[in-house]
Amino acid sequence: MLDEMSIKEDSLNTRIGQKVKAEREKRGWSLTELADNSGVSRAMIHKIERGESSPTAVLLARLSGSFDMTISQLLAQTEVQTGTLVRHENQPVWQDPETGYLRRHVSPGEMPVDLVSVDLPANTAVPMPAISYVSRRQLIWVLDGALTFEAGLITYEMSAGDCLELGDPADCVFRNKTNDACRYAVIVLRPV
């Protein structure tokens with residue numbers, strides 16, 4: 001018998017798949033066109049759309065970037081959020097099945113700002129492709145712990161309280177090289 005967490009995860013995977021399919025169809029794209037635009041295989045997109053695969057952070061970044069969305073937008077749109085107050089227990093949460101990193105979409109409403117809280121487990125690295133950052137201005141604010149942020153050939157060693165404005169889009173890596181968890185916020189100004 002499936003436990004409650006597995007049921008929630010399966011439900012979220014189904015909703016993510018439905019959202020990916022809806023965004024693809026809204027643009028009139030075939031699976032092949034989305035695969036070409038995102039760099040994700042046609043077979044994997046098909047599995048995600050059917051809710052048969054829990055996509056990794058890298059796959060979600062590629063898919064959302066091809067839709068000119070952030071991962072946060074894609075995930076937030078899988079949950080119904082109304083009003084200007086979104087309580088902690090109602091904020092959409094997603095966990096990367098590969099690394100265990102946890103994303104919580106904090107910001108409510110339709111503002112052109114996404115505020116995301118990320119818990120990065122100890123000794124973990126999460127790569128993100130440049131496509132996730134096109135047409136967006138972003139800040140990374142370390143709330144607790146230490147974060148190594150690699151943007152192309154530049155590496156930033158960040159501690160609690162440090163805030164970094166991202167420059168031009170580049171493949172990057174969020175890396176926690178310590179034995180303690182790291183929590184950071186990502187603030188994204190979406191184009192309007």
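**Exercise 1.** Locate Asn 123 among the strands, and describe its phi and its accessibility.

*Solution.* Asn 123 sits in the loop that links strand E3 (113–120) to strand E4 (124–128), where strands (E, at least two residues) and helices (H or I, at least four residues) are DSSP runs numbered from the N terminus. The model is a predicted one, in which local features need pLDDT of at least 70 and side-chain atom pairs count only at pLDDT 80 or more, whereas totals for chains, interfaces and linings use all residues. Residues are numbered from 1 along each chain as its sequence is written, and side-chain values use heavy atoms, with hydrogens and water left out. Next, the phi of Asn 123 is near 50 degrees, a positive value in a residue other than glycine. Most residues other than glycine have a negative phi. Finally, Asn 123 counts as exposed because its relative accessibility is 52%, given that exposed means over 50% relative accessible area, buried under 20% and partly exposed in between (1.4 Å probe, protein chains only).

**Exercise 2.** Work out which strands pair with E6, and in what sense.

*Solution.* Two strands pair if DSSP finds at least two bridges between them. Strand E6 (residues 146–151) pairs with strand E7 (residues 154–159) in the antiparallel sense over 6 bridges, and Glu 150 stands opposite Thr 155 in E7. These two strands, E6 and E7, form a hairpin with 2 residues between them, and Gly 152 in the turn has a positive phi of about 60 degrees. E6 is also joined by 4 bridges to strand E9 (residues 172–176), again running antiparallel, with Phe 149 opposite Phe 174 in E9.
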